[in-house]
Structure formats: structure tokens, C-alpha cells
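Hi,

Here's the structure I said I'd pass along.

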Amino acid sequence: MLQTGTLGHGVFGHGVFGMKDVLVIGGTRFFGRRVVEDLAAAGHRVVAISRGNRPCLAGAEWLRCDRKDRAALAGCLSGRSFDAVIDNICYQPEEARAVLELLGGRCGRYILTSTVMTYLDALTGGRPVGEEDWAASTGCVRMCPPYLPGEVAYATAKRACETEALARADLSPIVFRLHNVVGEDDFSGKSAAIPLEIHRTGGVRLKARPDDTYQQVYAGDLGRVYREAVERDDIPAAAYNVAGARTSVADYLSVAMTALEAKGKAVLGEPGAPDGPYPVNVSLDDALFRRAFRSRLAAPAEFLPAVCRWYAARDGTSPLSARDGTSPLSARDGTSP
Ligand SMILES: NC(=O)c1ccc[n+]([C@@H]2O[C@H](COP(=O)([O-])OP(=O)(O)OC[C@H]3O[C@@H](n4cnc5c(N)ncnc54)[C@H](OP(=O)(O)O)[C@@H]3O)[C@@H](O)[C@H]2O)c1
């Protein structure tokens, strides 16, 4: 177990690193589950906190607790210390503050999952946004529209969570500003939307123009990324943009259509067509991440075929993909990325 203020004794990169004690807050769904899975498979002792809506993985110790309930959280964490805490579902600054206060001195590194959305107006500038743009981009005038009020509220609250985390230099904080996360078993419906539309109709219509771009992160890569942040104590405390390669919407759909052997067409740029699940032309410069981390992020051509086939194979078998007559392309829910 850790000595206060250190990250344990890992020697990552030489095949020998110490087992770490890791807390994952919110690790029973979508990519949080992948993070728990990856850490446990690598031999770390993992504790996951969730309220119990779905079971935790067998490889982790499971603490049932609502992280918004400070007294319950304090009870849950009493007497425990961790080499790293991954706060994957922190949405309000007081939630971050509670964990930071409760675990200060009992946590080596605090890792906060944040979002591309915290760049607020800088997202609409039409150029890749770097970490250096964050401090100056405090407004959300230009971003609204196209972003919905719920998305703006989400972005500003996540930004405040980041501020709490980054102020705690004693906890060697890492903030991951994730772009849209795409992968199998995405409860939100976003990852399913394009594959299901193509699977059901043989084609797809979107308002986006062919040369508009998408940028995403494959959920299956995130276990490795978070594990690297846990295992390597030479990664500088900082906020990192996390995003795969940018792809034109035309190329993205072509990969999806080929994977599903679709016979129809991708029709792009028609006014009145659905927006689709992802914002276009929002790009992150991930140079800092690529310098600090060894993990490589898959491009859509590498992950999308399997993701499309996964959703097509399960079409109609889960509430997420139920055929209720609405187009899966209306999956945008107003709260995330
Ligand atoms: N998905 C994306 O595209 C995207 C993009 C950028 C950033 N992000 C960020 O990624 C993180 C994860 O997002 P997500 O949507 O994938 O998360 P999620 O699946 O909704 O995470 C839910 C997990 O947290 C647990 N949980 C939720 N509320 C809880 C509470 N009050 N107390 C304890 N456990 C709780 C859930 O289990 P129980 O229900 O059993 O409690 C589940 O394990 C978020 O911080 C989000 O801002 C996501």
C-alpha cells in the first residue's frame, strides 16, 4: 500500500511493477467497466464504488455507495488508502471536493474523467483545441447553439470539477479530457445510432457534410490508458486531451457501411437530415497525451467495424436497440460527452 504522497514503487516499462491499490468511482458500466477489468487483469487490487444498479466485476471489491452522499462515502472509505483514485463519474465540484478532502493524504494520484466539452467556446473555433486554450476559454456564448442547455450546464460543472482536481498538486492529479467515447455496450445509445441505422435501412442520412470531421475515443482503449496513469509515476500531473485520429464523416460512414455490407447510400449534407449522435468539426490536439503516454488510440478504421457488427448482431435484443419506430439517430441526450 502506498506511502502518503507517493505513487508506490512501480517500474513500468521493465516488466516489473508493484501491485497498486486502486479505487474506481463508477466502474460497473460502459468504459468504467473496461477500466476496472483492465486493472484487475493486470493484477492490481481494485475497489469499485457504485450504487448497485448493475453488478460489479468479479475481479474487484465492490462498495455500494452513492458518491453524492458524503457521509456514506466517508464511511465507505474509512481506514482505506489508495495508490490511485479514478473518479469516473464526477459531475459537480462539490463531489470532487468531497473525495479530495476525504482521501487527501490517503491517495497517491487522483485521476478525474472529464470531457472535451470543458473547452466551452473554444470548441467552435474550427481548429484543433490544445490544453493551452483551456484557461482563456471561459465563455459558453458561441457554443450555445449548437449545444443544448443541458450540455452547456454539464460542461461548466465538469470544468469546475477539473479546477478542484488540478488545485491538488499534492495528489499528482491527472485529468482526462475525453472526446466522444465510442464502443460496444454503450448505454447512451450514441455508439449504436449509426450502426443500427445502417443495419436497418441499408444506408444513412445525416446533416453533416462529407468533409466535416468526427473525432472519437474507442472505449476499448481506455482501460489501458487509465492503467498507464495508475502504473507510471513519471507521467506529469496535468490535464490531457484524449482523442483518436480525426476522420471525415464520409470516410467514417464508408467504414461503417463496408463493415455492415450495406447496399444503400450514405447521403450527407441534406438540410433537414438528422444531426446524428456526434458533433462535427470539434477537434482536440492530443500532442501532449501522445508525448506523455505510451498507449496508442485506435482510429475509426480499426475499431468501428467491430463496433458496428456488435450492434447489428444485437439489434432488437436489448432495450437500447428496441425497434420502437424512432430513428436511432436521435440518440443525442443533452448531457454528454
Ligand atoms: N460517454 C462519453 O462519450 C463521454 C465523453 C467524454 C467524457 N465522458 C465522461 O466519462 C465519464 C463516464 O461517463 P459514462 O456516461 O460512461 O458513465 P456511466 O456509464 O454513466 O457511469 C455510470 C457508473 O457510475 C455509477 N454511478 C453513477 N452515479 C453514481 C453515484 N451517484 N454514486 C455511485 N456510483 C454511481 C454507475 O453504477 P450505479 O448506477 O449502479 O451507481 C456506473 O457504474 C463521465 O465522467 C463523463 O463525463 C464520457
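Below is what I found, starting with the sheet.

Quick housekeeping: this is a predicted model, so local features need pLDDT of at least 70 and side-chain atom pairs count only at pLDDT 80 or more, while totals for chains, interfaces and linings use all residues. Residues are numbered from 1 along each chain as its sequence is written. Helices (H or I, at least four residues) and strands (E, at least two) are DSSP runs, numbered from the N terminus.

**The sheet**

Seven strands make an open, parallel sheet, ordered β3-β2-β1-β4-β5-β6-β11; two strands pair if DSSP finds at least two bridges between them. β3 (61-64) and β11 (238-242) sit at the edges with a single partner strand each, so one side of each has no neighbour in the sheet. From one strand to the next, the twist averages 20 degrees. Angles here run from 0 to 180 degrees between N-to-C directions, with axes fitted to C-alpha atoms, for helices over the stretch in contact.

Helix α4 (residues 149-166) packs on this sheet and touches β5, β6 and β11, its direction making about 160 degrees with that of β5. Contact means C-beta atoms, placed from the backbone, within 7 Å.

Strand β5 (residues 107-115) pairs with β6 in the parallel sense over five bridges. I111 has I174 of β6 as its bridge partner, and T115 stands opposite L178 in β6.

**Two helices crossing**

The axes of α7 (residues 249-259) and α9 (residues 300-313) come within 9 Å and cross at roughly 45 degrees. They are therefore oblique to each other (under 35 degrees is roughly parallel, over 145 roughly antiparallel, 65 to 115 roughly perpendicular, the rest oblique). The crossing is right-handed, meaning the near helix is turned clockwise from the far one by less than a right angle.

On the α7 side, Y252, V255, A256 and A259 meet P300, A301, L304, P305, C308 and R309 in α9. That contact divides into nine nonpolar residues, no polar and one charged (Ala, Val, Leu, Ile, Met, Phe, Trp, Tyr, Cys and Pro are nonpolar; Asp, Glu, Lys and Arg charged; the others, Gly among them, polar).

**One more residue**

A192 is in helix α5 (residues 190-201) and is buried, with 28 other C-beta atoms within 10 Å.

Cheers

Key
Two residues are in contact if their C-beta atoms, placed from the backbone, lie within 7 Å. A residue is buried if 20 or more other C-beta atoms lie within 10 Å of its own, exposed if 12 or fewer, and partly exposed in between; C-beta atoms are placed from the backbone.
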